[in-house]
Amino acid sequence: MSIPLQQKALLSQAFGRGWKVGTKPVPRPEANQVLVRIEAAGLNPVDWQMHTSGFDGAGVVVQVGDKVDEVEVGDRVLFESDGSGPHTATFQQYAIAYGDLVAKIPENISFDQAASVPVAYATAGIGLYAPRQYQGGAGLTPPWEADGRGKYAKQPILIMGGSSGMGQAAIQFARLSGFDPIIVTVSPRNNDYVKSLGATHTIDRSEPLSALSATVSSITKEPLKIAFDTLGQSDTQNAAYTALAPGGTLITSASSYIWKSQGKEVVEPYGILHAPSHRAFGVGLLKSVTAWLESGEYKPNRVEYIPGGLAGIPNALDRMRRGQVSASRLIVRPPETV
Ligand SMILES: NC(=O)c1ccc[n+]([C@@H]2O[C@H](COP(=O)([O-])OP(=O)(O)OC[C@H]3O[C@@H](n4cnc5c(N)ncnc54)[C@H](OP(=O)(O)O)[C@@H]3O)[C@@H](O)[C@H]2O)c1
């Protein structure tokens with residue numbers, strides 16, 4: 001497979017000065033790495049919040065390091081950037097990934113769909129299942145372990161932001177874990193969609209959050225032991241924390257603004273599979289995704305294709321910043337960059 005020396009990439013300017021399409025060398029993989037020709041890249045809120053260069057990627061392996069035996073040249077893979085620098089970013093045409101932290105894409109899933117998976121899947125999976133001593137895990141038994149599937153039957157879970165990328169992932173993990181009811185806050189236009197993923201009850205996100213605990217109590221009499229705030233906003237965090245039963249655990253996607261009390265826990269997942277604190281867990285988490293995507297047990301995020309290749313990203317990120325994206329991961333195709 002011929003590999004060019006140079007590629008198009010979206011280059012980050014100084015903070016606050018946006019991004020610009022430019023040219024840079026194609027990196028070469030080290031022994032435990034692969035080079036991926038990126039066919040689709042997904043946009044995440046962190047890209048505009050932290051001015052980063054892309055975390056979600058899907059493409060074709062074009063070169064493998066000597067010590068990689070998990071994948072070979074020609075495999076279709078999805079992967080999450082480790083955030084370590086320009087070589088692993090996904091807003092470019094070729095990126096470095098790690099042999100043990102890529103997952104093969106089954107035939108029934110397009111590159112666009114695959115690029116919507118990694119960050120949401122990783123962060124929701126780490127939040128729910130990573131051991132508590134690691135960054136941000138609630139320590140539940142994962143559904144890919146023998147005794148994990150359906151283990152939490154008849155136990156309620158509350159998910160704030162069911163239609164967010166992470167929310168879509170959290171609902172599906174909750175379904176695989178057996179939680180019931182799966183209660184989510186969401187805009188009513190997305191009720192049917194989140195129910196198709198496994199939500200059993202929806203609460204209109206515009207209802208006052210002061211009423212959340214009472215609404216949850218009207219749905220279930222079981223103590224609420226797990227709540228997942230995928231939004232990471234102070235009001236959603238606090239409402240979910242209040243709705244928890246004593247001894248419950250809140251998983252929240254951003255730093256907690258909560259003054260902890262009543263013996264309730266708060267965990268904050270760090271959604272990078274490569275993080276040294278939970279890399280081994282990350283490898284295990286990623287192992288199941290190919291089979292689940294193939295069987296339909298786990299569905300990719302809904303996606304919206306953005307034309308223009310890498311040049312389409314800045315405006316698309318601005319749409320996200322303005323809250324104009326609902327229940328979808330925006331996707332660009334780097335090969336379309338002119
Ligand atoms: N800790 C980590 O490592 C990590 C990793 C990834 C992401 N994050 C953070 O997690 C957050 C979510 O990321 P994401 O990619 O999942 O977001 P996203 O998909 O971009 O979120 C958009 C969705 O949020 C929903 N939403 C917004 N405000 C809401 C509210 N008050 N109540 C209910 N739903 C609301 C909207 O729902 P409707 O259209 O239905 O109204 C929309 O569908 C971001 O802040 C991101 O930076 C953290």
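Me: How far does a polar side-chain atom of Ser163 lie from an oxygen atom of the ligand?
Reply: In this predicted model, the distance between that atom of Ser163 and the ligand oxygen is 2.7 Å, where a polar contact is a pair of N or O atoms within 3.5 Å. Being predicted, the model needs pLDDT of at least 70 for local features and 80 or more for side-chain atom pairs, while totals for chains, interfaces and linings use all residues. Residues are numbered from 1 along each chain, and side-chain values use heavy atoms, without hydrogens or water.

Me: And what about Asn190 and the ligand?
Reply: Asn190 has a polar side-chain atom 2.9 Å from an oxygen atom of the ligand, and a side-chain N or O atom of Ser326 is 2.5 Å from a ligand oxygen.

Me: How much of the ligand does the protein bury?
Reply: On its own the ligand exposes 940 Å², and the protein buries 83% of that (Shrake-Rupley areas, 1.4 Å probe).

Me: Which elements give two or more residues to the shell around the ligand?
Reply: They are helix H1 (45-49), helix H3 (118-129), helix H4 (165-177) and strand S9 (182-186), with H1 giving the largest share, 3 residues. Helices (H or I, at least four residues) and strands (E, at least two) are DSSP runs.

Me: Which residues come nearest?
Reply: Of the 27 residues around the ligand, those are Gln49, Ser163, Gly165, Ser187 and Ser326, where "around" calls for a heavy atom within 4 Å.

Me: Why does the ligand lie between two domains?
Reply: Domain 1 (6-117 + 300-336) and domain 2 (120-267) both contribute residues to the shell, so the ligand lies between them; the bounds come from an automatic or database assignment.

Me: New topic: where is the cis peptide bond?
Reply: The cis bond joins Asp180 and Pro181, with omega about 5°, and Pro181 is in the loop between H4 and S9.

Me: What is phi of His51?
Reply: Although His51 is a residue other than glycine, its phi is positive, near 60°, and His51 lies in the loop between H1 and strand S4 (56-64).

Terms used
A polar contact is a pair of N or O atoms within 3.5 Å; within protein, one must be able to donate a hydrogen and the other to accept it, and residues adjacent in sequence count only if both atoms are side-chain atoms.
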